[in-house]
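Dear colleague,

Please find the sequence and the model below. My notes on its charged side-chain contacts follow.

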Amino acid sequence: MKTLKTLIFVFILVLFIAPITHAGDVEDLIGISLNYSKKEVTINVVGSGCTDKGDFLFEMKNDVLTVVRTKIDSCKAMQQEVSLTYSFKEAGISPNKPFKIANRFIANIYIANMRPAKNGK
């Protein structure tokens, strides 16, 4: 019986606490698109009602682009896909130079904010 209570407690923790996004984390992307003629990049991310263009920063290092969320979306709306467009300059992208994306991609928006524990804890 004690094991069952422990399992239920862990399940509740995962269900309600794990989806919280931590600011400063590399963002899981739903998609990304580049428009050379407009010199723009559009990222598709998961938001809960308060995700904004200013919540992200781009890091370009050794021809690898990383999208980082700097502000937690703490709103309570249903998770949804949000498209945000930035200029190549804002993202640090050189339009005539190849680069890679460091971020992971996901297809299911409901798993976007589930993060594994850091340092095995």
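With which residue does Glu 27 form a salt bridge? The partner is Arg 69, and the closest N and O atoms of the two are 3.0 Å apart. Please bear in mind that the model is predicted.

Glu 90 pairs with Lys 53 in a salt bridge whose closest N and O atoms are 3.5 Å apart. Because Glu 90 lies in helix H2 (residues 88-91) and Lys 53 in the loop between strand S2 (40-47) and strand S3 (56-61), the pair ties together parts that are 37 residues apart in sequence. Glu 90 is partly exposed, at a relative accessible area of 44%, and Lys 53 is partly exposed as well, at 33%.

Asp 63 forms a salt bridge with Lys 97, with 3.2 Å between the closest N and O atoms. Asp 63 is in the loop between S3 and S4, and Lys 97 is in the loop between H2 and strand S6 (100-101), so this pair ties together parts that are 34 residues apart in sequence. Asp 63 counts as partly exposed at 34% relative accessibility; Lys 97 is also partly exposed, with a relative accessible area of 45%.

With kind regards

Terms used
Residues are numbered from 1 along each chain as its sequence is written. This is a predicted model: local features need pLDDT of at least 70, side-chain atom pairs count only at pLDDT 80 or more; totals for chains, interfaces and linings use all residues. Side-chain values use heavy atoms; hydrogens and water are left out. A salt bridge is a side-chain nitrogen of Lys or Arg within 4 Å of a carboxyl oxygen of Asp or Glu. Helices (H or I, at least four residues) and strands (E, at least two) are DSSP runs, numbered from the N terminus. Buried means under 20% relative accessible area, exposed over 50%, partly exposed in between (1.4 Å probe, protein chains only).
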